[in-house]
Amino acid sequence: MQTANTLIDEAMVADVVTEVLTRLRRPGDGGSSASASRVDGGNGHGVFTSVDAAVQAAASAQRRLMQATLGDRGAAVECIREVMRRDREELARIEFAETRLGRLDHKLEKLDLAAGVPGMEMLRSEAVSGDHGLTVTEFAPYGVLGVVTPVTHSVPTLGCNAIMMIAAGNSLVCNPHPSGARCAAEATRRWNRAIRERIGIDNLICVIEDPTIESATEIFRHPGVAMLCATGGIGVARAALASGKRAVVAGPGNPPVVVDETADIEKAAKGIIAGAAYDNNLLCIGEKEVFVVERVGETLMAAMERNGGHRLTREDIDRFAKMFIHQDTKTGHYIPDKQMVGKDAWVLAEALGIEVSRDVQLLFGVTDESNPLVPCEQMMPILPIVLVKDVDEAIEKAVTYEHGFKHTAVMWSRDVENLTKMGRASDVMIFVKNGPCMAGLGVRGEGYASFSIASPTGEGVTSPLSFTRYRRCVMVDSLRIL
Ligand code: NAD
């Protein structure tokens with residue numbers, strides 16, 4: 001590990017070398033860009049074997065970004081969007097082939113969503129003028145950000161983080177999930193190549209080629225990393241919070257759904273299937289358990305069967321949980337079997353010895369709270385349905401099984417009082433009323449998208465502003481023109 005001083009000295013040397021190489025090799029000069037990355041110790045366009053080398057290269061790139069015009073910064077962000085749109089088929093296939101999780105059609109949609117997250121337009125300076133002059137608040141970068149991404153959306157999360165962080169003037173070093181590292185590296189090469197060709201800066205996005213928990217820890221502790229953004233389960237959330245650095249932590253969820261007797265049941269059934277089946281239930285915001293008032297329970301399930309769901313018997317849904325939801329002996333938490341995470345509904349049914357059509361999107365069935373699928377973030381297209389006597393019981397149970405993550409909750413109701421009660425009781429970052437979970441990220445709902453929903457640290461749906469420092473610049477008794 002290096003000290004801050006040696007890091008700065010080496011980074012300055014690297015800056016000079018990179019600058020010279022860039023001048024020698026402006027777009028269209030036909031030079032090999034790989035050698036520029038080799039100078040920084042990488043394997044080409046942002047892919048590094050060592051954390052130190054990655055941080056140095058990212059620091060050098062960030063300094064150059066600060067010297068560039070805002071127009072160039074905007075162009076770098078556009079490059080990331082363009083590559084995700086241009087190469088969507090290939091990137092989705094590469095990620096699907098590597099992770100074997102989720103659905104290819106939804107991987108394509110997730111890349112489109114990631115390409116559309118907000119950029120520099122969010123960084124509008126604020127000004128206040130009055131008798132005592134003028135005060136301007138500007139949004140300044142942190143520098144190099146340390147990033148951890150989940151296997152469930154490796155390329156979309158990295159692309160979304162990169163757009164927001166670079167728009168805010170930062171560079172980033174990412175430790176992707178080991179099972180989604182190759183697709184993250186491939187996307188990184190393409191993004192950096194495009195950015196370098198457009199504005200002459202390489203390595204704004206850096207990834208570790210063979211990521212491990214150790215390399216994540218090294219990033220967390222590295223003196224050249226100013227801030228962290230960790231997206232994943234409870235382990236990485238705790239590690240980032242304990243790092244001693246400012247951290248945006250996008251942790252786990254277990255989003256409950258409440259359906260009361262006033263809901264539009266047909267619409268609720270379609271919405272629950274659409275949300276819970278999305279990418280085979282991999283989304284952290286995805287519906288994970290349903291509490292429905294018993295008076296409308298049967299109507300809801302009949303409508304779910306008509307809309308792509310397959311109903312399991314109580315015995316079968318309990319049997320599935322026994323087979324594929326395991327209890328951690330140390331923590332007591334329920335954990336889904338990795339073999340089944342993100343698999344298609346027909347694969348889950350087959351494991352139970354049940355043959356269903358490949359068009360079936362979601363398995364579901366009535367059970368009760370003793371079934372571990374209720375407390376577990378299953379990340380599989382199988383949904384436990386719990387019948388309750390009234391909306392108050394539904395809300396109480398929803399809050400219990402959300403585990404205080406304060407992440408996401410969904411409710412179907414036409415009763416404003418009930419919706420308000422749930423909104424207050426759940427106190428979540430994303431509360432979707434009368435729509436599938438994706439509406440909370442602007443998919444057929446209003447608002448912008450992000451792939452990092454930071455509930456433990458309170459940023460909620462992250463934006464470029466989440467990765468800035470608010471800097472105030474004050475002129476006393478002058479510049480007031482009114
Ligand atoms: P995971 O926790 O297994 O891994 C996430 C990342 O953290 C990986 O890169 C992993 O290598 C790293 N990691 C794990 N433990 C670590 C530790 N102790 N120190 C440093 N790094 C560590 O999660 P996953 O299976 O990849 O993704 C699914 C989980 O992520 C779910 O819990 C889901 O809810 C959550 N998630 C949250 C959001 C959000 O925006 N809040 C988005 C996507 C996924």
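So, which backbone has a polar atom 3.5 Å from a nitrogen atom of the ligand? That's Ala 250. Before I go on, please keep in mind that what you're looking at is a predicted model.

Let's stay with the ligand for a bit. There's a nitrogen atom of the ligand 3.1 Å from an N or O atom in the side chain of His 407. And over at Ile 453, a backbone N or O atom sits 2.6 Å from an oxygen atom of the ligand. How much of the ligand does the protein bury? Taken alone, the ligand exposes 830 Å², and the protein buries 85% of that.

Now, who's around it? The ligand has 29 residues around it, and the ones that come nearest are Thr 149, Val 151, Gly 251, Glu 377 and Ile 453. Where does the shell sit in terms of domains? At least three of its residues come from domain 1, which is 10–26 + 36–251 + 462–469, and at least three from domain 2, which is 256–444.

Okay, on to the packing. The largest nonpolar core has 84 residues, and the members touching the most other members are Ile 166, Val 259, Leu 300 and Met 304. Which helix gives this core its largest share? It's α7, residues 154–167, with nine residues. Like the ligand shell, this core draws at least three residues from each of domain 1 and domain 2.

Let me walk you to a few single residues. Thr 152 is in the loop between β4, residues 144–148, and α7. Is Thr 152 buried or exposed? Its relative accessibility is 10%, so Thr 152 counts as buried, the cut-off for that being under 20%. The Thr 152 side chain also makes a polar contact with the side chain of His 153, at 3.5 Å.

Next, Val 296, which you'll find in helix α12, residues 294–306. Val 296 has a relative accessible area of 10%, so this one is buried too. If you want a sense of distance, take Val 296 and Lys 397: they're 101 residues apart in sequence, and their C-alpha atoms are 17 Å apart in space.

Last stop, backbone angles. Most residues other than glycine have a negative phi. With that in mind, have a look at Asn 203, which isn't a glycine but has a positive phi of about 70 degrees. Asn 203 is in the loop between α8, residues 181–199, and β6, residues 205–208. Its relative accessible area is 1%, so Asn 203 is buried.

Then there's Asp 477, also not a glycine, with a positive phi near 60 degrees. Asp 477 comes in the segment after β20, residues 468–476. Buried or exposed, this one? Asp 477 is exposed, because its relative accessible area is 54%, and the cut-off for exposed is over 50%.

Notes. Residues are numbered from 1 along each chain as its sequence is written. This is a predicted model: local features need pLDDT of at least 70, side-chain atom pairs count only at pLDDT 80 or more; totals for chains, interfaces and linings use all residues. Side-chain values use heavy atoms; hydrogens and water are left out. A residue is near a molecule or strand if one of its heavy atoms lies within 4 Å of it. A polar contact is a pair of N or O atoms within 3.5 Å; within protein, one must be able to donate a hydrogen and the other to accept it, and residues adjacent in sequence count only if both atoms are side-chain atoms. Accessible areas come from the Shrake-Rupley method with a 1.4 Å probe; for residues, only the protein chains shown count as cover. Domain bounds come from an automatic or database domain assignment. A nonpolar core is a set of buried Ala, Val, Leu, Ile, Met, Phe, Trp, Tyr and Cys residues joined through side-chain atoms within 4.5 Å. Buried means under 20% relative accessible area, exposed over 50%, partly exposed in between (1.4 Å probe, protein chains only). Helices (H or I, at least four residues) and strands (E, at least two) are DSSP runs, numbered from the N terminus.
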